[in-house]
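Here's a quick tour for anyone meeting this structure for the first time. Have a look at it, then read on.

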Amino acid sequence: MEKLSTYRNTKDVVDKYKFKFSKSLGQNFLINSNIIDEIINGARITEDDYVVEIGPGIGTLTKEMANIAKKVVAVEIDKKLIPILKDTLSECDNVEVVNQDILKVDIKELVNEKLDGRPIKLVANLPYYITTPIVMKFLEEDIVVSDIVVMVQKEVADRMSADPCTKAYGSLSVAVQYYSEPHIIAKVPKSMFIPQPNVDSTVIALRAHEEIKHDLKDKELFFKVVKAAFSKRRKTILNAISSYDIELSKEEVNQVLEDASIDAKRRGETLSIDEFANLANKVYDKLE
Ligand code: SAM
């Protein structure tokens, strides 16, 4: 099967259908087969895998994944791309294209309906502004997703993979690393797309923990405490939590920090996920 991932082949498809790129839908198509390979390797796709792809575009990545995986379900918002995908993926009988906005899709229902609720891998090259909410939606959903590979801005990849005590460490780092282990897979210069976007991209792989390591008494409260800790980065953890919408007095927060063996003068950005989990459980006890 001929690859779509060259400038010429992509241009031919675009011209044949007189396709007009939409900026608001983030339509920048990949024209580099090395990056496609890195994405596929990053997601560790094998012949046993069921893959959900979001934003297949003209099917460049879809086609390569379908060559390996058992089945690919590709969710594409743009109805103008549907006949194109039908054409470019005509030789792939293991691909199902769904013409929907992923933001409006019930993900669990999609996986149940199209893939019999099996464990999946998620691959997405989407407009930047929806990528993080979509990643969080898949991580938080009650489905088994072992690998997520997405294209993001360098800063977002840095934030997702950041360690404590670094500038990039924040609530996104904690949220992503609570569920998974992030690996930066590749840097993608803007010249590897048509049309060229304004910035370079980074491919990041999130490998879900087989088991969630932390025994949380209340997950929502954990994320609230994390948000509180990072809400005022220059303040101490004591002040940041006391001034947030958690119904504890400053004295009580002080006591909770002592119970969790966390120095009240530390800043939120120095706390590890283990410490956040312990702290959130102590806050839970205090609120009881
Ligand atoms: N995967 C292709 C590639 O790498 O060449 C295309 C990637 S392009 C950056 C983003 C794709 O996501 C476009 O095809 C766009 O129409 C689609 N898209 C944008 N928003 C979407 C949404 N909310 N739901 C589903 N697809 C979306």
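## The strand β5 and its partners

In what sense do β5 and β6 pair, and over how many bridges? They pair in the parallel sense, over 5 bridges. Here, strands (E, at least two residues) and helices (H or I, at least four) are DSSP runs numbered from the N terminus, and two strands pair if DSSP finds at least two bridges between them. Within this pairing, Leu 122 sits opposite Ile 148 of β6.

β5 also pairs with β2 (residues 50-54), again in the parallel sense, over 4 bridges. There, Glu 53 has Val 123 as its bridge partner.

## A word on the model

This is a predicted model: local features need pLDDT of at least 70, side-chain atom pairs count only at pLDDT 80 or more, and totals for chains, interfaces and linings use all residues. Residues are numbered from 1 along each chain as its sequence is written.

## What's tucked away

In β5, 5 of its 5 residues are buried. Buried means 20 or more other C-beta atoms within 10 Å of the residue's own, with C-beta atoms placed from the backbone. Ile 120, Leu 122 and Ala 124 point one way, while Lys 121 and Val 123 point the other.

Helix α2 (residues 33-42) has its own buried set: Ile 35, Ile 36, Ile 39, Ile 40 and Gly 42. They're on the same side of α2, because they cover an arc of only 165 degrees around the axis, taken from the directions from the helix axis to the C-beta atoms. Just after α2, Arg 44 takes a positive phi of about 55 degrees.

Key
Buried ≥ 20, exposed ≤ 12 C-beta atoms within 10 Å, placed from the backbone.
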